[in-house]
Every structure is written in structure tokens, then in C-alpha cells.
Amino acid sequence: MGAYIIRRLLIGLVVLFFVTVILFILMNLMPGDPITAYIPPEVLAQAGPEYIEIRREQLGLNKPVVVRYFIWLNELVHGNMGYSVQNGEPVLSRIKERIGATFELTGTALLLAIIIGIPIGIISAVKQYSIVDSLVTLFSFTGVSIPVFFLGLGLIYVFSLRLNLLPTGGLATIGAPPSLLDKLSHLIMPAFVLSVANLAQFARYTRSSILDELGQDYVRTARAKGVKELRVLFYHILRNGMIPLITVIALQIPLLFGGAVITEQVFSWPGMGRLALEAIMQRDYPLLMGITTVIAILVLIANLLADILYAVVDPRIRYQ
Amino acid sequence: MMRDQNLLSVKNLRTYFYTEDGVVKAVDGVDFEIKKGETLGMVGESGCGKSVSALSIMRLIPMPPGRIVEGEIYFKGEDILKISEVAMRKIRGRDISMIFQEPMTSLNPVYTVGNQISEAITIHQGLNRKDSWDKAIEMLRQVGIPDASKRAKEYPHQMSGGMRQRVMIAMALSCNPELLIADEPTTSLDVTTQAQILDLIGKLQEEFKLSVLIITHNLGIVAEVADKVAVVYAGKVVEYAKTDEIFSHPLHPYTIGLLRSVPRLDMKKKDKLQTIEGEVPDSLTFPSGCKFHPRCFLCQEKCRTKEPPLIKAENGRLVRCWRYNEI
């Protein structure tokens, strides 16, 4: 197992390397000259081509892409992700100040999706073809289909503007003493919006996975030895049914970060997603490169965790 | 309530499945009895209702779509079709145990075999973890698994098919049941393992004073282990007699066909292996009259229109045929 994890980590590093290569190429394919982002527009208007060339040289932007990539990579290895164009701060510290909020949001969303989605999936499998099952199915398809921004704006309209129950956005009420309740009231709507698609997805997968297991021979064996139905479900079936779900959850994590970009924008949530959007708008290439790299690392870690979890849950899987 | 010396007596059992295509009469008139210590063989082709009969006795028919529409199943004098689910659950695994055809899939893949055996012991005998684990190891030893205390910690996928069936038997017998239902227990095993498992069941039957209902399509197995035989065709018992009587003097044309279609070592090269003409009827569209008449060499007008009841023949044998005494 230990050797397996180390090997997977090494493979992960290789994957990460290629991801950053592709990201770097994509950044360079973006239309526009990055130099224009570094020179204030009023200076740019007056400056001659010589000045622009001097700045280009100073910033190293005259070097070929390959060289620039390896300079960036070398700095990354030494813990430096470069400097934000907007305010010259290190990219790493800009990400650090935002990543906490994003973790809060995505973590809560994932938790909600798991603790709501899986139980309703189980209920809907056990009560197959019942009214509850149909409702869950209807909800799942709605949940998967509805765009995040639409749901977000709709909820803001109802709960904030009409009912005046929840704040429209932000991390906490500005000026108010920090309290858990205040924090939760700000968190609940964006986290729910972000979780809906996942929740629906998890419910669907849980349902079909449990239904698969319900027909298995070992279930009949368990019943034949006099095991209570609840124990059959929660002890025998659930553990088998959860195995395929690990993959599903792991695959949803990248989408969660993607979804966070929009959700954070809708709810003015000061997280990494909004930072990414700002970076795109401002053509802040180093910042954008940094954010995407961090997300890539998180996704790789999530996948590794899923693989390890597999081995823990399923004794048939033993990694050499 | 009925009182007799039968441990199990099944009367006129009918289990139907209500599917979208219509009513499937999987079991449509099954009668048999098992005395204490006795072995009954239930023989028939695939899909004739053998397994559904067994699952009906355990009350493990998936409902819906299935339903036991008629009949009585007396176990120790009590009709277990009338008792509550809670009471039935106490019977399952404690008084009546069952082993299945597929040892590969009948065990839960994510728990150790020791764990799965001790689960039944904990449920029915209320032993604590340690004691039921020790009992599980003891059971593994009884079914001839070497190095039992180590193998108890293994998972099903680490064992061969024969070993897994031994584990199933250990599990089934862990609470000293009075009746063991073995549904094609050796069908998916290779021939040498088959013999070992049958020997094991026979040996344990004596030790545990078990009654056994063995379901099979293999007449060889029946001849070897069963005291009595119930031949099942299209959901009905068509012949019911002592094993030696069935083999020496079958009464029902279907039984005769079955016996003729067993290849024998003393057959000459030019002898063709006989088969029963036609196919097992689709359970949605059973023929009228005797269900076997389209395939029967004795078929007459009466057979086409009127279904025979289980007729009492000599020596208390039962046969569902109008013309059995003409054979």
C-alpha cells in the first residue's frame, strides 16, 4: 500500500507536469499581448514601441515560450508562483487569502450533496417505483439540468429579496460581530446552489447502485440466515453499493471547483473562483496560471484519495 | 393445527409471479413431506419451479412481483405461511437453513467468511463477538477447512468454489437447524468437488440429525443421497416415491423420459442417447390438460383436456398421470 501511494504520487507529479504544460500553452494562445496588461493604458497610449520593447525585455516576455515555461516551473518548484499583474503581490499569497473561502464553500457543498444525496438515493432504491422514488427522480433531473446561476439568482430573489431571510451574498455581515449563525446564514444558499447538481447526481447513482446490489445473491444469503431487513440494507448492501460511488464523488470534485467560479460570482463569495474570474478579466496571466495549477493539484489529490479509499472499502482491491 | 411426524409438509403450494407479460405460475401445485433425518430429492429441469418452491419455504420470494397464492407449509406442525415476518425471521437460519447454487456470489464480498458465519450465530444464539467467532471457527473445522482460525479471516474471493460452498454449509449449520435446503449445491462445482460436498452434507446430516431437501437436476445425485424423490414438471409434482422405486419402476412418462436420457457407461456405440421430445413449456402459456401431454408418448384425448390430480398408486406412491398403470 505504501509503495502504491508513492508510485501514485510520482505518477501524479508527471500528470501535473503535463497539465501545467498544456495550461501554459493555452495561456499563450489567448488573444492579446500580455505586455498590455503590465503597462497602464495612459502610459501605453503615449509610449513608443521602444519603451514597450524595453518593458518586454525587463519582464522576460521576449523569451521563447519554452524558456518562459521552464523559468516558471523552476520558480514553482521553489515555492514561487510569480507575481500578480494587478498589484504585484505574490500569486501564492493572493491564492492563500482566497482558498479558505473556496474550501468552505466547496467542502460544505460536497458534504451537503453526500449527506442528502446518498440517503435519498437509498430511500428511492428501497421504495422503487413509489411516489417518493418518482419525486426523487424528478428532483434529480431538475437538479442536474438547472443552471447554477439561474438557481442562484432565483433563490436570492425568493429568500433574500422577497422573504428577507438570508443575505444576498458575502462571507459575513460587515461590521457585525462574528458569529456562527451569521456565517451559516451566508454559507447556506451558495453551498446549496453549488451542491444541487452533485446532490442529484449522487442520488441517482446511489439509487442504481443499491438496486444492483439488492438483486445480488449475497443479499438472499443474508436474509436466509435471518438477518433483519434494516441490517441487510445498512450492513450488507450499503458497503457494496458505496464502492462505485467513490469514483462518482471523486469525479465530481473538479466540477465542484468549476461550479464554484459561477456560484462565487453570483453570491459575491470572495473565493478562488472569483479570483480566477478577476484574473481572466484583468488578463492576469501569472495569477490565472497559479489558480489553475492549484486546482489541478487538488483534483489529483482527490483522485488519489479515492483510490486509497477503494482499497479500504473493498477487500478485493489490493494495490501492490 | 396439524400434528404428524413430518418435520416439513408442503401442501398444494402455489407461487405465482405477476409480471407485465402476465401471470407466471412458477409453482402450481407442489406437495411433499420430509420426516426427521430424511433426505428428499427434488428433481426437474431448469425453470420447473424447484428453486421457487425452496424460496417459498423460506418465505424469501421477492414480493412483488411474486406471491404465494395458495397452500400450506407446515414446519413442526405449524403453518409458517401464517406466522409473522418477525417469527419467520427467527426460523430462518436457526430452524431452516439454506445453501445456494452459486457459492461464488452467495457470500458477501466485503466481509470475512468468519464474520459472515458468526453473524448468524450472534443473531440466533445471542453469543458475544468473541464466542460467536470461536464457534464460527469450530464450524469451519467441522466442514473440513484446514487451518480454520486463519482462513476465517479471509475474504470470499480468496477461496475456491468448493471452499466457499463449505463456508456456506458451515454458515447454514452454525445454529443447529433441523432442516437444510440445498438448492443445486454442487451444480457450479467441478466433479471431484461435487462428490466431496455431497459426502460432507451426508456426514453432517448424521452428526446434526438433519433433514435435507436437496434440489437438483442431476439424477445421479438423487440416487446417491435421497431417501425419497419428488419429480417436478411445470410447477407441479408429477411423481413422488421412494428413490429406489423411482429408479427401478418409474410411473410417470416424464420420469421415464428423464431416466432414459441419462447416459450410461454400458451403452453400446450404436445406442443413441434418448431425449424427451419438445421443450419445457413457457410458464406464461402452459398447455391445457396435463402440462406434459405435448411431449408425452402416452398422450390421449383425456390428457389434452383434463389435468390429472396426484393419484395414489401402489405403496403409497403418488403420480400425476391418467395412464400410469398402462406403463
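Okay, one term before we start: two strands count as paired if DSSP finds at least two bridges between them. Keep that in mind, and remember too that this is a predicted model.

Strand β9, residues 228–233, and β10(B) pair in the antiparallel sense, over six bridges. If you want one to look at, find B:K228: its bridge partner in β10(B) is B:K242. Two residues sit between the strands in this hairpin, and B:A234 there takes a positive phi near 50 degrees.

With strand β12 of chain B, residues 318–319, β10(B) pairs antiparallel over two bridges. Here B:Y240 has B:L318 in β12(B) as its bridge partner.

Strand β1, residues 6–19 of chain B, is joined to β2(B) by eleven antiparallel bridges. In that pair, B:F17 stands opposite B:V24 of β2(B).

Now over to chain A. The domain assignment gives domain 1 as 35–80 and domain 2 as 96–313, and their C-alpha centres lie 40 Å apart.

The helix I'd zoom in on is α7 of chain A, residues 131–145. It has 15 residues and goes 21 Å from first C-alpha to last, close to the 21 Å expected at 1.5 Å a residue. Which of its residues are buried? Those are A:V136, A:S140 and A:G143. They cover an arc of only 70 degrees around the axis, which puts them on the same side of α7(A). The buried residues pack against α6 (91–126) and α9 (180–214) of chain A.

Last stop, where the two chains meet. On the chain B side, 23 residues are in contact with 18 residues of chain A. Elements of chain B giving two or more residues to that side are α2 (85–91), α3 (103–106) and α4 (113–125). The largest share, four residues, comes from α4(B). Sorted by class, that side of chain B has eleven nonpolar, six polar and six charged residues.

Terms used
Residues numbered from 1 in each chain as written. Chains lettered and ligands numbered in written order. Predicted model: local features only at pLDDT ≥ 70, side-chain atom pairs only at ≥ 80, totals over all residues. Contact = placed C-beta atoms within 7 Å. Nonpolar A, V, L, I, M, F, W, Y, C, P; charged D, E, K, R; others polar. Domains from an automatic or database assignment. Expected span 1.5 Å × (residues − 1). Buried ≥ 20, exposed ≤ 12 C-beta atoms within 10 Å, placed from the backbone. Arc of directions from axis to C-beta.
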